[in-house]
Amino acid sequence: MGLLDTPADIMKTDLLGMTLPQLQQLASDEGFPRFAAKQMCDWLYKHRTDQIDRMTNLSLAQRQRLGEIATIGRQTPVNCQVSKDGTKKYLFPIGDNGFVETVYIPDDDRATLCISCQVGCKMGCRFCVTGQQGFHGNLTAGQIVNQIFSIPEFDSLTNIVFMGMGEPMDNLDAILDVCAILTQPWGLGWSPKRITVSTVGLIPQMKRYIDECQCHLAVSLHNAFDRERLDIMPVQKAYPIRSVLDTLRQYDWSGQRRLSFEYTMFRGLNDDIAHAAQLVEALQGLDCRVNLIRFHTSPGSPYQTASPSSIEQFQRFLNNHGITCTLRASRGQDIDAACGLLAGQNLR
Ligand code: SF4
């Protein structure tokens with residue numbers, strides 16, 4: 001339920017998260033003039049209004065009717081943990097299904113927001129706290145956009161990454177709507193270069209995403225040996241990483257849109273030179289970069305953080321073999337940022 005909603009509002013449509021074509025349909029259904037849809041878009045996405053009453057260039061009758069059938073759908077976070085490095089982890093309630101986390105990561109000249117797209121996740125990656133919680137539902141486009149709009153730091157945001165709870169390609173319709181809201185002129189009008197959507201490699205949905213969206217793509221790879229990847233990522237059975245990479249080779253990645261691979265470093269599992277060499281071999285012919293991630297171990301996890309020397313050696317090997325490889329800075333470690341712990345504790 002939104003901040004300003006009443007129990008009677010529960011069955012109403014949330015306007016936040018609707019695209020211009022969807023608002024045009026709503027306007028048409030209600031007998032509003034077509035331009036009312038653009039006016040609603042401006043109020044929702046340019047002025048970020050949280051009340052229908054404030055849409056003052058709609059007629060009073062239109063606002064009254066809109067109030068009968070719809071709410072804005074804004075929801076403030078119920079918790080915020082602040083790390084000593086400035087990272088903030090917000091907790092948003094999602095209907096009766098539980099909670100999701102949203103992580104704000106300020107840096108020198110950038111501020112990235114890591115957002116969630118599902119309550120829990122079906123993918124079951126063994127190292128992931130969210131994956132061990134099972135699946136509790138998809139977020140609507142409005143619930144995803146709300147994570148961006150309802151934090152106090154909205155105006156400082158430079159980048160959005162879909163790398164929080166859930167698998168974005170498993171909720172693709174909503175993700176495509178959100179990307180349209182973020183990038184279209186009737187929405188926020190951001191460059192697609194500011195947005196990165198991740199996936200474990202659900203091939204059919206990933207192809208549709210590449211065909212329909214210009215935002216960056218990040219594929220969670222974590223191990224280029226097929227059998228070893230299967231040990232940590234069940235999705236490898238349905239969509240082997242080789243098939244994912246073959247699919248990606250069918251597209252041109254030399255333009256503005258960036259293809260990257262996420263590689264979490266686990267001690268003794270995927271952090272030696274043999275794994276680096278296998279990764280180089282697997283990525284042959286792909287215009288891409290690799291982001292190494294230090295694993296943050298969590299209570300009860302059998303996985304350990306790779307040593308700084310093995311990470312450095314791995315990174316150097318990739319760079320020496322022509323693959324741009326960066327190490328993502330560890331942020332928010334003291335608040336368990338980006339591991340689903342807070343939401344897991346609050347699942348109901
Ligand atoms: Fe889901 Fe991502 Fe966790 Fe895998 S790592 S279980 S895809 S949330």
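Around the ligand sit C121, M123, G124, C125, C128, G131, G166 and V200, where near means having a heavy atom within 4 Å. The model is predicted, so to speak from the record: local features need pLDDT of at least 70, side-chain atom pairs count only at pLDDT 80 or more, and totals for chains, interfaces and linings use all residues. Residues are numbered from 1 along each chain as its sequence is written, and side-chain values use heavy atoms, with hydrogens and water left out.

**Ligand shell**
- By class, the shell around the ligand has 5 nonpolar, 3 polar and no charged residues (Ala, Val, Leu, Ile, Met, Phe, Trp, Tyr, Cys and Pro count as nonpolar, Asp, Glu, Lys and Arg as charged, and the others, Gly among them, as polar).

**Helices α1 and α2**
- Helix α1 (residues 20-30) packs on helix α2 (residues 35-46) at about 130 degrees, with the axes 8 Å apart.
- That makes α1 oblique to α2 (under 35 degrees is roughly parallel, over 145 roughly antiparallel, 65 to 115 roughly perpendicular, the rest oblique).
- L20, L23, Q24, L26 and A27 of α1 meet A37, K38, M40, C41 and L44 of α2, contact being heavy atoms within 4.5 Å.
- That contact has 8 nonpolar, 1 polar and 1 charged residues.

**Aromatic pairs**
- There are 9 aromatic pairs in the structure (ring centres within 6.5 Å; planes under 30 degrees apart are stacked, over 60 edge-to-face, the rest tilted).
- F127 and F266 have ring centres 5.2 Å apart and planes at 50 degrees, so their pair is tilted.
- This pair links distant parts of the chain, 139 residues apart: F127 is in the loop between β7 (118-120) and β8 (135-138), F266 in the one between β12 (259-265) and α10 (273-282).

Definitions and conventions
Axes fitted to C-alpha atoms, helices over the stretch in contact; angles between N-to-C directions. Helix = DSSP H or I, 4+ residues; strand = E, 2+ residues; numbered from the N terminus. Phe/Tyr/Trp six-rings, centres within 6.5 Å; stacked < 30°, edge-to-face > 60°.
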